[in-house]
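Here are my notes on the model you sent over. Have it open while you read, as the points go residue by residue.

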Amino acid sequence: MIADRGYDSDRFVHWLEERGAIVVIPSRKIVKHPRNIDWHIYKERHLVEILFLKFKAHRRFSTRYEKRAYLFLAVALPVSILLGVA
């Protein structure tokens, strides 16, 4: 699970770890004992954010015409191929 600092709560992190997830969430700056994370994996989060910024340049994604997940995926895959991501 890769997320930003907004998802850094002990309760949430423990919940993810109980389910077998590898947590890559940096600790907030005010924490006394920060969590060690793999920063190389965390930087991949940026690539996903860039992809969604490219998606949102198109009206179909910014207004979210496809309300169901399988329809959204059916449109997202060809667009990602056209953008050269997939």
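1. How many residues does α5 have, and how far does it reach from its first C-alpha to its last? The helix has 14 residues and reaches 20 Å, close to the 20 Å expected at 1.5 Å a residue; the expected span is 1.5 Å times one less than the number of residues. Helices here are DSSP runs (H or I, at least four residues), numbered from the N terminus. After α5 comes G84, with a positive phi near 80 degrees.

2. Before going further, a word on what we're looking at. This is a predicted model, where local features need pLDDT of at least 70 and side-chain atom pairs count only at pLDDT 80 or more, while totals for chains, interfaces and linings use all residues. Residues are numbered from 1 along each chain as its sequence is written, and side-chain values use heavy atoms, with hydrogens and water left out.

3. Now, which residues of α5 are buried? They are F72, V75, A76, V79 and S80, where buried means under 20% relative accessible area, exposed over 50% and partly exposed in between (1.4 Å probe, protein chains only). These residues sit on the same side of α5 because they cover an arc of only 130 degrees around the axis, taken from the directions from the helix axis to the C-beta atoms. An α-helix has 3.6 residues a turn, so residues three or four places apart point the same way. Over on the other side of α5, Y70 and I81 are exposed.

4. What do the buried residues of α5 pack against? Their partners are α3 and α4 (59–62). The largest nonpolar core has 7 residues: L51, F55, F61, F72, V75, A76 and V79. By nonpolar core I mean buried Ala, Val, Leu, Ile, Met, Phe, Trp, Tyr and Cys residues joined through side-chain atoms within 4.5 Å. Both α3 (44–55) and α5 (69–82) supply at least two residues of this core, and α5 gives the most, with 4. Look at A76 too: leaving aside neighbours within four places in sequence, A76 is in contact (heavy atoms within 4.5 Å) with F55 and F61. Another core, of 5 residues, lies apart from this one and includes V13, L16, V23 and I25.

5. S80 is in helix α5 and counts as buried because its relative accessibility is 6%. A polar atom of the S80 side chain lies 2.7 Å from the backbone oxygen of L77.

6. On to charges: a search of the whole structure finds 5 salt bridges, each a side-chain nitrogen of Lys or Arg within 4 Å of a carboxyl oxygen of Asp or Glu. D8 pairs with R28, the closest N and O atoms being 3.4 Å apart. That pair links distant parts of the chain, with R28 in the loop between α1 (10–18) and α2 (39–42) and D8 in the segment before α1, 20 residues apart. D8 also forms a salt bridge with R35, at 2.7 Å; R35 is in the loop between α1 and α2, 27 residues from D8.

7. Is D8 buried or exposed? D8 counts as buried, at 5% relative accessibility. R28, at 40%, is partly exposed, and R35 is partly exposed at 22%.

8. Elsewhere, R19 and E18 meet in a salt bridge at 3.6 Å, N to O. R19 is exposed at 52% relative accessibility, and E18 is exposed at 63%. Finally, a network of salt bridges links D4, R45 and E49.

Terms used: Polar contact = N/O pair within 3.5 Å; in protein donor to acceptor, adjacent residues only side chain to side chain.
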